[in-house]
Amino acid sequence: MRKSRLSWHKQRRLIELFVAGATARTAASLVGVNKATASYYFHRLRQLIATQSEAAGWLAGEIEMDESYFGGTRKGKRGRGAAGKVPVFGLLKREGKVYAVVIPVCVQ
């Protein structure tokens, strides 16, 4: 981003953490900036992505989004936290195509 007071190294690290899906608070502690700075930077990145997507026509018109969890065993804990569940995120553009992404899960 232009006109940022952050060093290029910190900007690049924040972008990497944004792409990795880290929260702004976690990114702030890892990079060594204030959480408000990381939150603002993430917000600006989302604005840039939305602007570029609208210009390309990807997200123009009405869009539906949904997430779901598939798989896992029936016994034990149910819902999002159940073992073996795979989160899937989908986008549907009205009068268009469906885009679905399987989100990789880190097993601890």
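These are my notebook entries on a predicted model of one protein chain.

**Ground rules**

I count residues from 1 along each chain as its sequence is written, and my side-chain values use heavy atoms, with hydrogens and water left out.

**Entry 1: the overall layout**

I looked up the secondary structure and found three helices and three strands. Here helices (H or I, at least four residues) and strands (E, at least two) are DSSP runs, numbered from the N terminus. Reading from the N terminus, I get the order α-α-α-β-β-β.

Next I checked burial. Buried means under 20% relative accessible area, exposed over 50%, and partly exposed in between (1.4 Å probe, protein chains only). Of the 108 residues in the chain, 17% are buried.

I then turned to contacts, meaning heavy atoms within 4.5 Å. Among contacts with a separation of 6 or more, 35% join residues 24 or more positions apart.

**Entry 2: an aromatic pair**

Which two residues form the aromatic pair? I found Phe18 and Phe42, arranged edge-to-face, at 5.2 Å centre to centre and with 70 degrees between the planes. Rings of Phe, Tyr and Trp (its six-membered ring) pair if their centres lie within 6.5 Å; planes under 30 degrees apart count as stacked, over 60 as edge-to-face and the rest as tilted. Phe18 sits in helix H1 and Phe42 in helix H3, so the pair ties together parts that are 24 residues apart in sequence. Both Phe18 and Phe42 are buried. The structure holds one aromatic pair.

**Entry 3: a salt bridge**

I noted one salt bridge in the structure, using the rule that a side-chain nitrogen of Lys or Arg is within 4 Å of a carboxyl oxygen of Asp or Glu. Side chains of opposite charge can pair when their charged atoms come close. The partners are Glu16 and Arg13, and their closest N and O atoms are 3.2 Å apart. Both lie in helix H1, three residues apart, about one turn of the helix. Are they buried or partly exposed? Glu16 is partly exposed at 38% relative accessible area, and Arg13 is partly exposed too, at 32%.

Leaving out residues up to four places away in sequence, Leu17 touches Ala22, Ala27, Leu30, Val31 and Phe42.

Lys10 is in helix H1 as well, but counts as partly exposed at 29% relative accessibility. Beyond its neighbours within four places in sequence, Lys10 contacts Val31, Gly32 and Val33. The C-alpha atoms of Lys10 and Val31 are 6.3 Å apart, although the two are 21 residues apart along the chain.

**Entry 4: the largest pocket**

The largest pocket has a volume of about 390 Å³. Ten residues line this pocket, and the closest to its centre are Phe18, Val19, Arg46, Ile49 and Ala50. On a 1 Å grid over the protein atoms alone, a pocket is an open set of points where a 1.4 Å probe fits, with protein on both sides within 12 Å along at least five of seven lines; lining residues have an atom within 4 Å of a point. Grid points are joined across faces, edges and corners, and the volume is the space filled by probe spheres set on the points.

Which helix gives the most to the lining? That is H3, with five residues. Helix H1 (8-20) and helix H3 (35-56) each supply at least two.

Conventions: Predicted model: local features only at pLDDT ≥ 70, side-chain atom pairs only at ≥ 80, totals over all residues.
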